[in-house]
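I opened my notebook to look up a few things in this structure.

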Amino acid sequence: MLRRKARRAQTGAGGADPLDAAQEDRVRAVLALGGVPHADLPDGVQQVRLKLLERAADGREAPRDVSAWAAVVASNLAMDWHRARRRQERLGERLQVLWREATDEDGAEKRATSLAVAEGLGALPDAQRQVVVLRFYADLPVRAIADELGIPEGTVKSRLHTAVRLLRARLHEGEVV
């Protein structure tokens, strides 16, 4: 009982910051050592803070050593940052390969189609564009997209369906396809 009260006081019942300055500095250091760019460090600290608050909101008790727990979470965030960066690099490489293929044979026709698809993607709302790119360019399955974006699989399917329908209509409208 006393331990719980001490933790509440430490984590700041009443809306205070769950991370003290030393813990925040440690999180920043772990993220920086993990290779996260300096500009992204404040976002990483906020994500650790959010995870700690979510834990409290779920009714789970605070970690025994908040500083160590926060360092582990920060380390995991750094790994996630690298995975996301690698995914983006692979996506860029794949788009370059597709562009090169489009300009090699039947260059004019494929270029026109590629340009029309790019314009169609640009006209889509961000949420729909995001799922289309992850599904068709990053080649992720629906479940992985849902996990990546933190949305239900049904929402991913719905957004994909709507986006493909809009793209198809736009390509037929412009007589590209």
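**Notebook: pocket, fold, helix pair**

I looked up the lining of the largest pocket and found that α3 (41-57) and α4 (66-104) each supply at least two residues. Helices here are DSSP runs (H or I, at least four residues), numbered from the N terminus. I noted that α3 gives the most, with six residues.

The model is predicted: local features need pLDDT of at least 70, side-chain atom pairs count only at pLDDT 80 or more, and totals for chains, interfaces and linings use all residues. Residues are numbered from 1 along each chain as its sequence is written, and side-chain values use heavy atoms, with hydrogens and water left out.

Which residues lie nearest the centre of the largest pocket? I found G44, Q47, L77, D80 and W81, among 15 lining residues.

I then turned to the whole chain. I read eight helices and zero strands in the protein chain. Buried residues (under 20% relative accessible area, 1.4 Å probe, protein chains only) make up 28% of its 177 residues.

Next I checked α7 (residues 142-149) against α8 (residues 153-173). They pack at an angle of about 110°, with axes 8 Å apart. Axes are lines fitted to C-alpha atoms over the stretch in contact, and angles run from 0 to 180 degrees between N-to-C directions. α7 and α8 are therefore roughly perpendicular (65 to 115 degrees).

I listed the contacts (heavy atoms within 4.5 Å). V142, R143, I145 and A146 in α7 meet E153, V156, K157 and L160 in α8.

Conventions
Parallel < 35°, antiparallel > 145°, perpendicular 65-115°, else oblique. 1 Å grid on protein atoms, 1.4 Å probe; cavity = no way out; pocket = protein on both sides within 12 Å on 5 of 7 lines; lining within 4 Å. Buried < 20%, exposed > 50% of the residue type's maximum accessible area, 1.4 Å probe, protein only.
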